[in-house]
Amino acid sequence: MSLYRTWRPRTFAGLVGQDAVVRTLASAVEGGKLAHAYLFSGPRGSGKTSAAKILARCINCAAGPTAEPDNTCENCTAMLAGTALDVLEIDAASNRGIEDIRALREAVKFAPSTMRMKVYIIDEAHMLTKEGANAFLKTLEEPPPHAVFILATTEPEKLPVTILSRCQRYAFGRIAIPVMIGRMREIAIAERIAIDDGALSAIAYRADGGLRDALTMLEQAASFVTEGETISVETIDLAFGATGREVARALLDHAIERDAAAVLRSIDEAGDAGADMQVLIRSLIGEFRNLLVARVDPGLLSRDLAPEDARRAAERAGALTQAQIVRALHLLTEALAMARSSGHPRLELETAMLRYVLAGEDQTLETLGARVSALEGRAAAPAAKAAPAAKTATAPKAGGPITIQRVRAAWQSIRTKVESERATLRVQLSRAMPEAVEGHALIVRLADAWMVDTLREHAALIESAVADVLGAPLRVTFKADARGKGGAAPAPLAEENPDVLFQYANERIKP
Ligand SMILES: [Zn+2]
């Protein structure tokens with residue numbers, strides 16, 4: 001039973017981050033103004049299908065129509081269990097969806113069997129075939145008085161205007177970062193998942209406005225850590241890959257301080273760690289964009305960023321003029337475009353950052369070139385001297401015991417190396433967690449047994465990457481995570497059988 005399903009909101013009040021939509025819908029239901037067709041549009045995971053299910057109960061609750069269905073009457077119970085004959089869910093993206101739409105045209109003519117209205121929820125409505133859409137349109141043109149259609153889609157512009165014009169439209173927005181963090185925190189506490197604030201933000205940014213993705217990541221992260229261990233930003237980076245946010249922030253700080261040597265050093269370290277330079281340029285554009293927003297309208301930032309990050313951005317924005325921020329954005333977007341065409345993203349990034357940092361100084365190409373080589377010389381020297389600890393992580397051939405901390409610090413590089421040889425192992429590696437070093441063996445834990453089998457087949461490749469990166473050979477042993485995986489068998493059952501689903505939902509919601 002996934003966290004997302006377990007915690008699917010059962011009332012409009014529980015639907016987070018969509019206050020405007022919820023208010024309008026609720027007042028329409030309360031005012032007895034029901035439409036025959038609704039269109040819920042918005043990004044994935046923003047709550048469209050959840051809202052459609054709630055609306056179906058609003059309409060058919062024995063105590064309704066009401067904006068606050070009791071969720072306990074016979075009708076609500078059947079709808080929650082997915083056994084209600086008068087409420088049908090159609091996935092337009094599936095093959096069956098096309099047949100369902102055909103069947104719908106006939107079935108919709110008959111009155112509901114036990115409930116007030118027949119409610120059809122059509123998911124991924126933009127995936128309807130031309131034939132399906134035409135068939136559906138016929139129904140929409142003369143909807144029977146006892147039928148309500150709720151269409152959910154991420155791409156409303158793909159639907160025919162003839163359908164759009166017959167629907168009452170509700171636009172769901174991306175869920176704001178702080179709202180998403182708040183919701184994840186509530187769920188983590190209830191599920192006894194130990195996670196710190198940094199990790200919650202890291203998940204929220206990756207989820208990009210979709211709560212379903214956020215909860216899926218939270219669940220995966222929880223399966224990564226051992227009993228009693230707290231999920232940290234490090235766990236999230238290991239589990240889902242680094243986003244380059246940390247490097248982007250360091251670069252931003254160096255740029256503000258006009259420290260060209262530090263800029264080059266950070267880019268160099270990111271390169272060593274296997275960072276994708278285009279992603280890094282994009283992250284950096286995001287960071288400068290935040291500074292611009294902080295200068296223009298600080299209030300807006302609180303929607304896009306965690307509170308701590310919003311404060312940080314406002315502080316940094318104060319150190320630059322608006323013109324300076326705009327200039328950085330120009331240089332970086334240019335670098336991004338150039339990186340795509342030239343195929344040398346790192347060079348484009350270095351050039352853009354140096355042009356920014358060295359602004360106002362003599363910028364003819366020759367002097368810039370001379371400066372770059374001079375700075376590179378300087379950057380290499382202090383890096384080797386001042387940070388020997390950091391260097392041992394990437395080039396520890398000097399010796400010293402291999403600890404699990406060292407393996408974890410180098411894990412991203414090891415992954416990158418293996419993936420460069422065999423890209424298909426990406427999924428398994430993203431769910432692999434270095435657990436311990438015992439003698440000359442590295443124990444790596446995985447969430448599922450099938451992943452263990454796959455990685456075992458490529459043990460030699462992984463061991464050679466480990467040896468390359470760490471400078472010492474280790475035998476790699478893979479272990480499946482036994483914890484909580486007993487639920488693996490009943491889970492698909494629950495997906496198929498609505499009764500089991502409902503029973504699960506009840507069990508999990510009770511404290
Ligand atoms: Zn009810």
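Mentor: We'll take confidence, then the strands, then some helices.

Trainee: What kind of model is this, and how are residues numbered?
Mentor: This is a predicted model: local features need pLDDT of at least 70, side-chain atom pairs count only at pLDDT 80 or more, and totals for chains, interfaces and linings use all residues. Residues are numbered from 1 along each chain as its sequence is written.

Trainee: What is the mean pLDDT?
Mentor: The protein averages 82, where pLDDT is the predictor's confidence in each residue, from 0 to 100. Of its residues, 86% reach 70 or more.

Trainee: Where is the pLDDT below 50?
Mentor: Residues 381-392 are one such stretch. Beyond near neighbours in sequence, that stretch has four contacts in the model. A contact means two C-beta atoms, placed from the backbone, within 7 Å. Residues 394-398 are also below 50, with seven contacts beyond near neighbours.

Trainee: Now the sheet. What's the strand order?
Mentor: It runs β2-β3-β4-β1-β5, an open sheet of five strands with parallel pairing. Strands (E, at least two residues) and helices (H or I, at least four) are DSSP runs, numbered from the N terminus. Two strands pair if DSSP finds at least two bridges between them.

Trainee: Which strands stand at the edges?
Mentor: β2 (87-91) and β5 (168-171) do. Each has a single partner strand, so one side of each is left without a neighbour in the sheet.

Trainee: How many bridges join β1 and β4?
Mentor: Five, between residues 37-41 of β1 and residues 147-153 of β4. Ser-41, for one, has Thr-153 in β4 as its bridge partner.

Trainee: Which strands pair in the antiparallel sense?
Mentor: β6 (residues 432-438) and β7 (residues 441-446) do, over six bridges. There, Ala-432 has Leu-446 as its bridge partner. The hairpin has two residues between the strands, and Gly-439 takes a positive phi near 60 degrees.

Trainee: On to helices. What span should α14 have?
Mentor: It should span 28 Å, for 20 residues (277-296) at 1.5 Å a residue. The expected span is 1.5 Å times one less than the number of residues. The end C-alpha atoms are 29 Å apart, which agrees.

Trainee: Which residues of α14 are buried?
Mentor: Among them are Met-277, Leu-280, Leu-284, Phe-288 and Leu-291. Buried means 20 or more other C-beta atoms, placed from the backbone, within 10 Å of a residue's own; exposed means 12 or fewer, and partly exposed is in between. The cover over the buried residues of α14 includes α12, α13 and α16.

Trainee: How do α14 and α16 cross?
Mentor: Their axes come within 8 Å and cross at roughly 80 degrees. Axes are lines fitted to C-alpha atoms over the stretch in contact, with angles from 0 to 180 degrees between N-to-C directions. The two helices are therefore roughly perpendicular. Where they meet, α14 brings Asn-290, Leu-291, Ala-294 and Arg-295, and α16 brings Ala-313, Ala-314, Arg-316 and Ala-317.

Trainee: And Ala-275, buried or exposed?
Mentor: Buried, with 22 other C-beta atoms within 10 Å. Ala-275 is found in the loop between α13 and α14. Leaving aside neighbours within four places in sequence, its contacts include Ala-242, Gly-244 and Val-247.

Trainee: Last one. What takes a positive phi just after α12?
Mentor: Arg-258, at about 55 degrees.

Conventions. Angles under 35 degrees count as roughly parallel, over 145 as roughly antiparallel, 65 to 115 as roughly perpendicular and the rest as oblique.
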